[in-house]
Amino acid sequence: MPDIMPDTAATAPTEDLTLSVVITCHNYGAFVGDAIRSALALRWPRVEVIVVDDGSTDGSPGIIRGFEPAVRLIETPHVGPSGACSAGFAASTGAVVSFLDADDLLHPDLMREVARVWHAGVSKVQCQMATIDRDGRPLGTVFPQFPPGLTPERIRAMLRTSYAYPTPPGSANLYARWFLERVMPHPETLDGLRVGNDTMLLGMAVMSGDVVTIPKPLVFYRIHGSNLSVASDQGAKALVRRIRVDQANLKRLRARAPDLGFDLPEGALERSPNHLQYRIACHRLFPDEHPVAGDRTAGLLARMARAVLAFDGMSAKGKAAMLVWSAGVLLGPKPLARRLVRWRFSPTARPRLLRRALSAAGVLTRLAPRAGDAAK
């Protein structure tokens, strides 16, 4: 496993918390063993590891059984990521729950860092992710870029005004059991769409309690060509689906908001840079299939400019990069627009010169190479 952890704080964590690591696997036999080993290697005295095989046909269950009795295997028909996470959570007992994708890895000190910031009222703790390749070798980048002083109050304000806040994908989020018991099991679909576990949880966590941020890479995100929802397919189907998922999820969140004492405006998507980037890409590349009838080029560009300038979760350089990208996609020649969309959603496709420029501008964070960074 790559050894890239920054120095840890001197504050000693309490060891009373039990962590449940729920690993979900669908045909990830090439990676699930590494994920299990990373969970078993956590430097924490109270850990249970539950692996849900979501109807795999590639021999994953046999690989998982090789780790019994240190892990518990649950086999389900193919129910999708949200259903698999719900099944794993139902079998768990920990006060803190990690939903680990079978192709990602946990750093051994993850729970020690989480325990240092845990307190009553925390619904979610989030951290950064360091990228690795298919074989576990570091790719040198860290995401997301958390702004300084990212407090739970700022995160609540961001969600309220723009349906977005700086957050990693599923594996780098650890949830409080009390929160999950309120919202799980998930519905099978949102408006007929099967969605990921993080889609169901990220916004609801903000509405329910404190989201605490650790600006350290404590989870390893494996890039292997088939795990990036839009990156692996910039076609109309993927873009349209992402737009509709956002619309369905906002509808769900607004329906729950009154019970949680949270005000979530109806027009939040119109002020979300994260959502608008998909609308810009789809409108430019696939106008005949674009699902938002009122979108026009000038209107989208103006809407993105207002959203980016008002968004509190992005640096000035990041805002500039987003505005340049939006203008290039909407106004540039279509071949350029296609390249920009691909580079935006598929980081490994970016030319080296572009990656270096983004890193130099502070839009991307790169880790300095260190001896012994090969996967262990």
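Ground rule for contacts: I count two residues as touching when they have heavy atoms within 4.5 Å. By that rule, residues 24 or more positions apart account for 76% of the contacts with a separation of 6 or more in the protein chain.

Caveats. This is a predicted model, where local features need pLDDT of at least 70 and side-chain atom pairs pLDDT 80 or more, while totals for chains, interfaces and linings use all residues. Numbering runs from 1 along each chain as its sequence is written, and side-chain values use heavy atoms, leaving out hydrogens and water.

Overview. I looked up 13 helices and ten strands; these are DSSP runs numbered from the N terminus, helices (H or I) of at least four residues and strands (E) of at least two. Of the 376 residues, 55% are buried, meaning under 20% relative accessible area with a 1.4 Å probe, protein chains only.

Core. I take a nonpolar core as buried Ala, Val, Leu, Ile, Met, Phe, Trp, Tyr and Cys residues joined through side-chain atoms within 4.5 Å. The largest has 64 residues, and Phe99, Phe179 and Leu180 touch the most other members. Helix H8 (residues 236-260) gives the most to this core, seven residues. A second, separate core of 39 residues includes Trp44 and Val96.

Strand E4. I checked residues 96-101 and found five of the six buried. E4 pairs with E1 (residues 19-25) in the parallel sense over six bridges; pairing takes at least two DSSP bridges. Leu19 stands opposite Val96. E4 also runs antiparallel to E8 (residues 173-176), joined by three bridges, with Ser98 opposite Leu174.

Notes
Buried means under 20% relative accessible area, exposed over 50%, partly exposed in between (1.4 Å probe, protein chains only).
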